[in-house]
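Student: Could you take me through how charged side chains are read in a model like the one we are about to open? I would like the general idea first and then the case at hand.

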Amino acid sequence: MGKLLIVDDNEDVRRQLRWGLSREPYELLLAADGEEALKIFREQKPGVVTLDLGLPPDPEGTDEGFRCLEAMVQQNRSAQVVVVTGHHDKENALRAIRGGAFDFCRKPVDLAELKVIINRAFYLSDLKSADQQDEPPAGYTSPQVPHFNGLVGDCPAMRSVYATIEKVAGSDAPVLITGESGTGKELVARALHSLSSRRKASMIAVNCGAIPENLIESELFGHEKGAFTGATNRVQGKVEYADGGTLFLDEIGELPAPMQVKFLRFLQEMVIQRVGGRKDIPVNCRIIAATNIDIEEAMRQGTFREDLYFRIGVVTIKLPPLRDRGSDVMLLAEHFLQTISAQQDTKVQGFSSAAEKAMLHYTWPGNVRELENKVRRAIILASGQRIGPEDLGIETDGCESTAESCAGGIGGSNRKTLKEARNAVEREMVENALRVFSGNIVQAAKSIGVSRPTFYDLLKKHGLDG
């Protein structure tokens with residue numbers, strides 16, 4: 001468990017922060033002045049410190065706060081200090097950053113924002129502590145950026161996903177993963193495979209929506225020599241290659257109706273026939289499927305077979321969209337920043353407070369994939385050590401004005417819920433993209449950073465004509 005030292009001369013502030021952070025996964029230490037803070041810092045070695053610059057004997061000034069900051073930075077390079085400043089005290093905030101502070105937070109403190117900053121600080125502190133050792137501590141994993149077999153996140157919905165994966169991974173039951181494009185469905189499939197008894201064999205992935213209808217049977221089941229023009233050799237299909245392992249069928253909702261019938265037969269009997277062949281070939285593989293469409297609506301419309309759904313959906317795992325995952329946005333952003341920065345030489349060290357706020361307010365129509373792309377773009381374009389909202393390509397003014405208009409003012413009678421506000425922004429973006437590109441779906445989708453299937457999902461969701 002990490003340690004967080006809170007340094008503030010105001011007893012009410014210390015009490016409020018202790019209460020607000022009491023459920024977080026770190027031990028809380030409290031200090032009311034500089035001397036007490038430095039003593040605790042030396043003895044307890046906290047990983048993160050929140051430091052009010054206005055400390056006795058001159059609480060209206062900043063000399064004592066900067067003295068503490070300098071001493072802490074010199075004593076422990078892996079500890080991360082978050083300074084707390086007045087709302088309009090930008091000059092001292094920037095001075096603190098130049099003096100080695102990790103970040104700053106303005107008064108009055110926004111607890112949700114402070115939690116995000118503290119979690120990021122603990123993550124960096126853990127990394128620096130591990131780097132200072134010959135090898136990481138036994139069993140080391142950073143609790144601030146939770147990983148689960150390639151998946152990153154700690155919101156309640158994702159913890160439920162992890163629990164379901166652990167329960168069903170050991171069985172051979174077919175699993176259907178649902179969720180919008182870019183939410184990480186293939187990562188869930190790989191986690192299921194890696195935790196299963198079939199992990200030593202291959203997981204074969206097939207994108208059903210990317211294969212032309214006239215080729216998909218051959219792609220899945222293979223073909224015999226001479227089965228059709230150009231078939232000069234016998235070719236095994238993806239299903240055969242998955243024998244002993246796992247077959248992952250992505251975008252199974254795009255499977256053509258005739259192929260649904262043939263695949264249902266395979267699931268019932270676990271045998272296939274190659275195109276042009278007559279021999280039954282037994283195949284032993286686990287089936288994991290994924291879709292970004294509303295599969296129940298597809299069944300009502302007759303585009304997806306109900307009996308096939310019951311075969312592939314013995315267990316269903318629903319992935320939440322990124323806009324519903326709260327502070328996971330920043331956990332993922334930090335993860336991508338660390339991963340991508342390790343692959344290339346960059347001076348970027350983190351995100352500015354404005355960038356964090358922009359990311360937390362943005363609706364992420366392209367979900368985790370869009371976030372990764374924006375962070376990658378920002379690392380290339382950033383001119384300083386901190387990524388700003390302009391580097392991410394997120395319009396902060398638009399977000400803030402939209403949020404204000406949607407809120408209708410504090411205590412106003414026309415306030416919308418957060419979900420309604422997000423939907424309003426999302427619909428406006430889609431409508432603007434359609435208008436700018438005269439209905440060209442490919443260009444419109446590209447302009448807002450989502451895939452074509454996701455754009456169609458958004459059109460359907462908001463009742464728009466493409």
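Tutor: Glu219 counts as partly exposed because its relative accessibility is 33%, where buried means under 20% relative accessible area, exposed over 50%, and partly exposed in between (1.4 Å probe, protein chains only). This is a predicted model, in which local features need pLDDT of at least 70 and side-chain atom pairs count only at pLDDT 80 or more, while totals for chains, interfaces and linings use all residues. Residues are numbered from 1 along each chain as its sequence is written, and side-chain values use heavy atoms, with hydrogens and water left out.

Student: Which side chain does Glu219 meet in a salt bridge?

Tutor: A salt bridge is a side-chain nitrogen of Lys or Arg within 4 Å of a carboxyl oxygen of Asp or Glu, and here Glu219 meets Lys238 at 3.8 Å, N to O. The pair links distant parts of the chain, 19 residues apart, with Glu219 in helix 8 (residues 216-221) and Lys238 in helix 9 (residues 238-241); helices are DSSP runs (H or I, at least four residues), numbered from the N terminus. Lys238 is partly exposed, with a relative accessible area of 27%.

Student: How many residues apart are Glu297 and Arg300 in helix 11?

Tutor: They are three residues apart in helix 11 (residues 295-300), about one turn of the helix, and their side chains form a salt bridge at 2.8 Å, N to O. Glu297 is partly exposed at 22% relative accessibility, whereas Arg300 is exposed, with a relative accessible area of 59%.

Technical notes. Helix = DSSP H or I, 4+ residues; strand = E, 2+ residues; numbered from the N terminus.
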